[in-house]
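Okay, everyone, let's talk about aromatic rings today. Have a look at the model first, and then I'll walk you through the pairs.

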Amino acid sequence: MTDATSPLSERVTMPAALPVPEHPDIAVWRPATVDDIDAIWQLEKSIGQADHPNYVLERDEIAEIFDFSFVDVTTDTLVAEAVDGHLVANGLVVLSPGQVTLVKSNLDGGVLPTMRGRGIGRELLNWQVARATQQLATSDKRLPGWIATSCDERAPQNGRLYERFGLVCTRYFLSLDRILADPIREFTLADGIRLAPYESKLSPVVHAARNEVFMDHWSSQPIPDETWNAYVTGSTFVEELSFVAFGIEPDGSEHVVGFIMSSVNEEDWAAAGYRSSYIGLVGVLRGWRGRHIAQALLAAQLDASRAAGHERATLDVDSASPTGALDLYTGMGFFASNRELAYVREF
């Protein structure tokens with residue numbers, strides 16, 4: 001277990017300088033700019049087709065990086081241009097905000113599949129790990145420090161590369177599917193609990209509930225306002241497939257006690273071979289768990305998704321979730337379709 005009694009700045013050695021990547025097939029290594037958004041998106045789609053063919057990265061997810069206040073694209077991004085000017089590799093290193101129980105630097109990116117096996121990924125990851133170490137070394141917080149990333153189990157070569165740089169596979173996240181043609185059970189909630197469609201005016205209170213709910217989830221930290229707002233105003237977020245649960249306290253006050261938030265990315269449909277919605281968040285406040293609120297929220301989403309003409313609903317879950325989420329989902333008819341591996345280097 002990490003000893004976090006001393007500041008991270010004392011436990012992490014600051015690199016004297018970041019390594020300068022070199023490779024004969026790369027003409028230029030440089031920070032990304034807004035002009036690269038579409039090129040990075042096309043690169044990520046090519047990577048996705050090889051590594052996780054049933055889902056694709058959204059363009060918005062790339063574009064928002066250039067707007068977040070906690071990302072300095074001049075120091076936290078790196079792209080590789082081949083001699084023909086095309087981007088063939090992309091790296092991102094983000095020091096997550098909202099550091100309550102953990103200081104985490106997340107690595108993302110990859111190499112064009114046709115350019116793999118030449119050492120480009122090693123050069124990129126070497127820079128990313130050094131930049132992440134640099135980020136952690138600037139923190140004076142007395143908290144665990146992580147360099148973290150993940151890969152789909154269908155891309156084991158990525159995991160092997162992470163292990164070469166000292167990252168260890170520490171957790172598994174399951175992708176679950178639910179066939180919407182199958183019967184959907186109805187749940188009757190107890191008096192004092194009601195479901196309602198999500199509305200944008202509820203965004204602040206649902207955001208607060210999300211941050212409270214997920215503090216007992218592995219590695220989760222509060223989501224800052226700008227990240228949350230980007231999510232609920234994004235082009236794929238769907239209010240009609242999102243719901244909230246309200247509970248009445250003994251004093252008569254009513255507040256949000258649960259939520260389910262969904263999105264639809266039609267680009268996933270062709271890749272996956274079916275029409276689907278994605279359940280990005282499901283949560284119930286600790287004091288309200290065990291009352292079938294999560295099941296009722298799921299049933300509402302499944303009904304709405306089926307009515308919208310979708311064939312499946314999908315979500316991801318921590319296989320070792322302390323809340324018993326995996327059993328809850330399988331009890332609602334979800335089944336495992338894939339696995340994501342989380343890699344961590346601890347300080």
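Y162 and Y343 are both buried, and by buried I mean under 20% relative accessible area, with exposed being over 50% and partly exposed in between, using a 1.4 Å probe and protein chains only. Keep in mind that this is a predicted model, where local features need pLDDT of at least 70, side-chain atom pairs count only at pLDDT 80 or more, and totals for chains, interfaces and linings use all residues. Numbering runs from 1 along each chain as its sequence is written, and side-chain values use heavy atoms, with hydrogens and water left out.

Y162 is in helix α6 (156-164) and Y343 in strand β12 (335-346), so the pair ties together parts 181 residues apart in sequence. Helices (H or I, at least four residues) and strands (E, at least two) are DSSP runs, numbered from the N terminus.

Next, Y198 and F237: centres 5.6 Å apart, planes at 85°, so edge-to-face. Both of those residues are buried. Ring pairs also link Y198, W228, Y231 and F237 into a cluster.

Last thing, charges over rings: NZ of Lys or CZ of Arg within 6 Å of the ring centre and within 35 degrees of the ring normal. K45 has its charged end over the W41 ring, 3.9 Å from the centre. For R291 over W288, that distance is 4.4 Å.

Technical notes: Rings of Phe, Tyr and Trp (its six-membered ring) pair if their centres lie within 6.5 Å; planes under 30 degrees apart count as stacked, over 60 as edge-to-face and the rest as tilted.
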